[in-house]
Amino acid sequence: MEKELRESLFDKNLFIEVDDTIRLRGSECPNCGRRFFPPKVRCPECFRASLGSVALETKGILYSYTTVYIPSRNFRPPYRVGYVEFDKGVRVFGQIRTREGETLSIGSAVKTVIDFLWNKSDGGRVSGYLFEPAREGQISGEK
Amino acid sequence: MREVAVIGVGSTVFGKWKELSLEELGRRAVEAALEDSGVSYDKVQLACCANVYGGMCLGQSVMKEVGITRVEMMNVENACASGSSAFNIVYRAIASGECDVGLAFGVEKMTALGPAQLAPPETDLDANMGLLFPAFFALIMRRYLDRYGVTMEQVAQVAVKNRHHGCLNPNAQYKNEISISDVLSSRMIADPITMLQCCPNTDGAAATVLCAADLANKYCSKPVLVAASVVASGDYQWRQRDITFSDMTYRTAQKAYDLAEMKPEDIDVCELHDAFAVNELMHYEELGFCDVGEGGRFVESGATSMGGKIPVNVSGGLLSKGHPLAATGVAQLAEIVWQLRDEAGQRQVKGAKVGLAHVLGGAVTGLESGACTVHILKRG
């Protein structure tokens with residue numbers, strides 16, 4: 001499973017391995033300290049090149065969310081999406097996976113999950129990042 | 001830089017034109033604008049065509065049907081702001097003295113794309129993750145309602161107002177009244193955005209003829225002057241800031257007000273980018289028509305309705321008139337010209353002397369938006 005997940009990541013540039021787990025890879029400007037996701041080669045604020053990689057923490061805060069009732073390229077409705085905020089103000093857009101009846105709220109804690117996201121037309125599966133509410137009783141950083 | 005005048009405008013009726021080609025839609029708008037201007041076909045020195053989904057050299061393809069060939073032609077793509085960007089290019093060419101007479105037009109067939117196909121390009125990260133335009137604006141809207149206590153009824157009021165205005169515009173796609181409860185009970189698209197808070201898929205074309213202001217009286221009796229034409233692009237850091245305020249619209253508008261030596265209070269009529277109802281409330285604030293957070297109360301007060309302090313989207317806006325992407329910006333400018341010439345019929349804003357047009361367009365991961373344009377036109 002882990003091996004298949006790793007092999008089917010839709011853009012390997014967006015991920016980084018930390019202690020055998022897959023994390024989101026951002027970049028940080030050594031000059032002005034700004035952090036970005038997706039990672040950038042050059043800082044759009046101070047133009048410094050060759051930004052270094054940084055692993056985003058797995059837990060973030062839900063900045064905004066919506067449930068979508070029309071199909072998008074890779075997802076069938078209904079599905080939930082949102083912006084998740086990480087350290088230094090980095091906001092990442094992605095799918096939010098909730099359980100039946102589970103509600104979301106601005107400012108609630110969410111965690112990053114690496115899992116399969118959609119199927120390709122040739123039947124292959126594509127994996128990447130999504131977010132889930134950080135539910136009580138769960139050990140942080142699991143999975 | 002020379003002063004530049006708009007001397008002719010034209011538009012097709014906006015709607016579903018499955019049986020008409022892009023070339024035919026474009027030809028109809030261009031010929032209407034040329035006829036309106038009084039300029040003979042051999043005087044056109046530059047033609048700038050805006051289009052997003054039509055393919056290679058569409059401008060030349062339209063212009064050969066009009067009968068104008070060999071002159072300088074450009075094709076412009078800047079998402080929803082394509083049309084107003086094309087206008088800006090022709091404006092600059094004339095202002096700088098490179099040419100005297102030019103044509104800017106936009107044409108689009110959204111029905112050719114099928115339902116809900118308007119999305120950022122396949123290579124875009126967020127697009128792959130499911131970021132459709134309604135979802136993007138739903139995320140912004142949730143924060144905006146949360147932060148300022150704006151109500152769903154106030155958001156719906158924008159759609160009700162613009163649909164009412166659309167009833168007065170023969171070129172609008174929708175010409176029927178709707179109620180606040182119609183808006184709120186329509187099908188959910190991306191919570192809290194319902195169907196009637198979204199602009200429709202539309203086909204159409206619009207065109208403008210520009211010329212050096214000192215030559216304008218030779219062709220037409222009611223030239224309208226371009227007081228400011230500004231194009232700007234989005235900021236990569238916007239998403240890390242407060243997304244309930246379009247910094248891009250604010251910056252672009254400030255520059256336009258400076259160039260025109262005007263203030264928001266000087267604007268008599270405004271066409272702005274109401275792709276979704278909530279956008280209009282936020283743009284009131286960014287364009288300086290009301291204080292930040294006051295957009296909901298501002299629409300409720302009637303200030304932006306016909307007869308109000310600053311009537312907004314009297315054409316019906318994107319919500320009623322429809323949104324053929326690249327034609328939209330040009331159609332807004334055509335509406336402002338009709339208003340300033342006192343030719344807008346039932347939807348005429350009495351005594352309008354200055355008008356502003358605003359477009360925001362394009363999704364790129366990390367950017368607020370691709371392009372923003374603000375134009376200020378005034379009576380000659």
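**Exercise 1.** How many residues has helix α6 of chain B, and what distance does α6(B) reach from its first C-alpha to its last?

*Solution.* This is a predicted model, in which local features need pLDDT of at least 70, side-chain atom pairs count only at pLDDT 80 or more, and totals for chains, interfaces and linings use all residues. Residues are numbered from 1 along each chain as its sequence is written, while chains are lettered from A and ligands numbered from 1 in the order in which they are written.

Step 1. Helices (H or I, at least four residues) and strands (E, at least two) are DSSP runs, numbered from the N terminus. Helix α6(B) covers residues 152-166 and has 15 residues.

Step 2. The expected span of a helix is 1.5 Å times one less than its number of residues. For α6(B) the expected value is 21 Å, and the helix reaches 21 Å, close to that expectation.

**Exercise 2.** Describe how helices α3 and α13 of chain B are arranged.

*Solution.* Step 1. The axes of α3(B) (residues 82-95) and α13(B) (residues 325-340) come within 5 Å and cross at roughly 60°.

Step 1. Angles under 35 degrees count as roughly parallel, over 145 as roughly antiparallel, 65 to 115 as roughly perpendicular and the rest as oblique. The two helices are therefore oblique to each other.

Step 2. Two residues are in contact if their C-beta atoms, placed from the backbone, lie within 7 Å. The residues that α3(B) gives to the contact include Phe87(B), and those from α13(B) include Leu333(B).

**Exercise 3.** Characterise the side of chain A that touches chain B.

*Solution.* Step 1. Chain A has 1 helix and 9 strands.

Step 1. The contact takes 26 residues from chain A and 26 residues from chain B. In chain A, the elements that give two or more residues are β5 (59-68), β6 (79-85) and β7 (91-96). The largest share, 5 residues, comes from β5(A).

Notes. Axes fitted to C-alpha atoms, helices over the stretch in contact; angles between N-to-C directions.
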